[in-house]
Amino acid sequence: MLRYIYATDLHNFPKLRRTMFRDRADQFKTRLGWDVNVDRNGYEMDDYDRLNPLYVIWEQPDGSHGGSMRFLPTTGRVMVNDVFGHLTGDTQVSSPLIWECTRFCLSRTAGSHVAAALMLAGGEIMTGFGIRHFVGVFDARMVRIYRLIGSSPEVLGSTGEGLEKISVGLWEFSDKAKAQIARRSGISEELSRLWFDRAFGPAEHRQMALSA
């Protein structure tokens, strides 16, 4: 199932937390060879995990992590501005209608549907919170995955060639895209909305909270 968990609440899900950060270390450090920090617990964590991001996590039947993404509003500190500003010509991306998505991670044991399920959850965040776009940095290996899922971004800037190419992308989410991604994930749109509402409450409650 899909879970939406803020960093301050991750302690309520110890197995999910532990396996997510270890899967991130496995993917980004071991498999991809990125220059990331892994602590003595085997966790891959960075400064942006300390800014109370919202995590979307696919929870496997045994309670472990199957895949995840991390979201932060661009009105605060985000990687696309702090680290990858050169990809956008040093133009700052900052808007209450744009959130950054980072650390797209899949467990080695994740099923083929998990990537699409995470994208579907991203669409729920856009719809539920009135977000117009996601921005994020991605490498060449992700291009095919996005195309297969049906959620390819608009490329704002790139550097490098071939497998070394990295880009900044901007994502929208239409009703047509949602239907396509839902089919790809094998999750009905109704179930996807139910999981989101369980995390944040019905739409009228969210509007009250946002306006308070």
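**Figure 1. Helices α3 and α4 are roughly perpendicular to each other in this predicted model.** The reason lies in the angle at which α3 and α4 pack, about 70°, since angles of 65 to 115 degrees count as roughly perpendicular. The axes of α3 and α4 are 10 Å apart. From α3, the residues Ala 115, Ala 116 and Met 119 meet Ile 145, Tyr 146 and Ile 149 of α4. Sorted by class, the contact of α3 with α4 has 6 nonpolar residues, with no polar and no charged residues.

**Figure 2. Seven strands form an open sheet with mixed pairing.** The strand order is β1-β2-β3-β4-β5-β7-β6. At the edges stand β1 (2–6) and β6 (154–159); each has a single partner strand, so one side of each is left without a neighbour in the sheet. From one strand to the next, the twist averages 25°.

**Figure 3. Strands β3 and β4 run antiparallel.** Strand β3 comprises residues 65–73 and is joined to β4 by 6 bridges. Within this close-up, Phe 71 has Cys 101 in β4 as its bridge partner.

**Figure 4. The largest pocket has a volume of about 920 Å³.** This pocket is lined by 40 residues, of which Trp 34, Phe 84, Arg 103, Val 137 and Phe 138 are the closest to its centre. At least two lining residues come from each of β4 (98–106), α3 (114–129), β5 (133–139), α4 (141–149) and β7 (166–171). By class, the lining of the largest pocket is made up of 23 nonpolar, 6 polar and 11 charged residues.

**Figure 5. The second largest pocket holds about 280 Å³ of space.** Its lining consists of 16 residues, and those closest to the centre are Leu 106, Gly 111, Ser 112, Ala 115 and Ile 145. Two or more lining residues are given by each of α1 (14–31), β4, α3 and α4. Helix α4 gives the most to this lining, with 4 residues. The class composition of the lining is 8 nonpolar, 4 polar and 4 charged residues.

How values were computed:
Residues numbered from 1 in each chain as written. Predicted model: local features only at pLDDT ≥ 70, side-chain atom pairs only at ≥ 80, totals over all residues. Heavy atoms only, no water. 1 Å grid on protein atoms, 1.4 Å probe; cavity = no way out; pocket = protein on both sides within 12 Å on 5 of 7 lines; lining within 4 Å. Points joined across faces, edges and corners; volume = space filled by probe spheres on them. Nonpolar A, V, L, I, M, F, W, Y, C, P; charged D, E, K, R; others polar. Pairing = 2+ DSSP bridges. Axes fitted to C-alpha atoms, helices over the stretch in contact; angles between N-to-C directions. Parallel < 35°, antiparallel > 145°, perpendicular 65-115°, else oblique. Contact = heavy atoms within 4.5 Å.
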